[in-house]
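Here are my notes on the model you passed along.

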Amino acid sequence: MRRLAVPLILILVMAACSDRSPLGPSTRANPERAGSPALDVLTWNVYVGAQVQDLLLIEDPNQIPFEVARVFGKIMETNFPERADAIADQIVAARPHVVGLQEVSLVRLQSPGDYLAGNPVPATTPVQDWLSILQQALADRGADYIVVATVTNFDVEAPMVNFGTGGLDDARLTDFDVLMVRADVPWSNAQAGNYAAVLPISLGGVELPKPSGWNRVDIRLKGLTYRIINAHLEAADLAPGIVDPQLAALQSAQASELVAMADASPHPVVLVGDLNTAADGTTTTTYQDLLAAGFVDAWTVGPPRGLGYSSGQDKDLRNPASKLRHRIDYILYRDERTRAGKHFNGSVHIERIGEEPADKTVTGMWPSDHAGLFGSLRIAPGLGR
């Protein structure tokens with residue numbers, strides 16, 4: 001009996017240690033927990049394709065049609081249908097459970113005749129519907145992603161010179177943030193909205209408040225529920241080293257709305273998106289404020305991963321070597337432990353995507369002026385509800 005006691009004790013100790021694994025108790029007793037417990041998420045600002053904010057510099061209303069035509073031309077030159085193929089390749093390779101996208105655009109025109117006749121009907125003829133284009137590119141690759149939530153950030157329409165006819169056309173740009181869920185992932189409670197904090201802008205002396213927004217969804221994975229929030233915050237840096245205090249306050253107010261949303265969540269929260277706050281503290285304090293609110297930056301979990309710059313390619317996307325120089329895109333995680341100031345209980349694999357020369361489009365463009373960010377979070381069971 002004494003000889004049997006030692007092996008029996010070892011077996012009991014090993015069983016107890018397995019229950020204290022960073023990934024939690026054994027999943028064998030629960031078939032729903034079998035397999036990898038990793039939660040895979042991807043975020044990407046796919047870039048509107050031009051410096052649309054240049055329109056805000058117009059002082060003479062007579063110049064609006066010419067500047068709108070120039071910006072419209074740049075959007076067409078950066079050719080989203082071509083870039084969508086490169087973006088879809090990266091999404092298919094990563095196979096995330098959830099995809100958060102920012103700056104997804106819908107470009108529309110109104111016929112010149114209607115515009116000159118003073119027809120008040122908004123421009124409705126699609127020129128490029130980026131969401132449909134990307135969905136088709138994914139479907140062509142055998143990937144099935146369901147759009148569960150979209151939010152309209154701004155919808156701007158203005159007269160545009162038509163150099164082909166010499167007359168005027170009417171161009172309209174609508175910007176969305178989008179959440180997609182892989183078709184085999186159970187989801188519920190999809191919602192979207194705009195921040196109460198709205199950016200006041202002016203186009204040729206006409207006031208055009210510019211909202212920004214968020215969307216969210218709950219997903220069920222391995223018997224646990226997570227709330228995924230996709231967000232895009234207003235930028236506050238006007239130039240390197242120059243931060244507008246009013247814009248910084250606006251961004252902070254928008255971030256506070258996200259924190260309140262996380263506070264109200266009954267589930268662990270994954271916040272993804274282009275948050276327009278530099279991790280090195282050179283722009284706004286929003287990044288540090290989110291960490292203070294209990295979020296953990298997935299990029300910093302585990303061994304050092306480098307600077308992680310995610311933004312900065314040339315606006316025409318044709319710079320030969322990468323110019324990424326800001327880390328403003330994030331995958332942040334929060335649960336009861338991290339909110340209480342404890343460390344993240346699990347492990348992370350995280351990487352940038354679309355940042356290598358081999359990821360360029362067939363004509364040599366970067367997929368976006370941002371890199372995408374893919375994270376695989378192995379979270380201890382028992383934290384989700």
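**Notes on the model**

1. Asp184 itself is exposed, with a relative accessible area of 52%.

2. Before going on, some ground rules. This is a predicted model, so local features need pLDDT of at least 70 and side-chain atom pairs count only at pLDDT 80 or more, while totals for chains, interfaces and linings use all residues. Residues are numbered from 1 along each chain as its sequence is written, and side-chain values use heavy atoms, with hydrogens and water left out.

3. Overall, the protein has eight helices and 17 strands (DSSP runs numbered from the N terminus: helices are H or I with at least four residues, strands are E with at least two). Of its 385 residues, 51% count as buried. Among contacts with a separation of 6 or more, 74% are between residues 24 or more positions apart (contact means heavy atoms within 4.5 Å).

4. Back to charges: there are 13 salt bridges in the structure. One of them pairs Lys210 with Glu234, the closest N and O atoms being 2.7 Å apart. Lys210 sits in the loop between β8 (206–207) and β9 (213–221), and Glu234 in the loop between β10 (224–232) and β11 (237–239), so the pair ties together parts that are 24 residues apart in sequence. Glu234 is buried, at 8% relative accessibility.

5. Which helices does the Asp263–Arg339 pair tie together? Asp263 lies in α6 (residues 245–263) and Arg339 in α8 (residues 336–339), so the link joins parts that are 76 residues apart in sequence. The side chains meet at 3.3 Å, N to O. Asp263 is partly exposed at 36%, and Arg339 is partly exposed too, at 48% relative accessibility.

6. An α-helix has 3.6 residues a turn, so residues three or four places apart point the same way. Just after α2, Asn79 takes a positive phi of about 45°.

7. Helix α3 (residues 80–94) reaches 21 Å over 15 residues, close to the 21 Å expected. Phe80, Arg83, Ile87 and Ala94 are among its buried residues. Just after α3, Arg95 has a positive phi of about 50°.

8. The largest nonpolar core has 47 residues, and Leu42, Val46, Leu101, Val104, Leu134, Leu138 and Met180 touch the most other members (a nonpolar core is a set of buried Ala, Val, Leu, Ile, Met, Phe, Trp, Tyr and Cys residues joined through side-chain atoms within 4.5 Å). Elements supplying at least two residues each include α2, α3 and β1 (38–45). Leaving out residues up to four places away in sequence, Val46 touches Phe80, Arg83 and Ile87, among others. A second, separate core of 28 residues includes Leu179, Val181, Leu221 and Val270.

Note on methods. The expected span of a helix is 1.5 Å times one less than its number of residues. Buried means under 20% relative accessible area, exposed over 50%, partly exposed in between (1.4 Å probe, protein chains only). A salt bridge is a side-chain nitrogen of Lys or Arg within 4 Å of a carboxyl oxygen of Asp or Glu.
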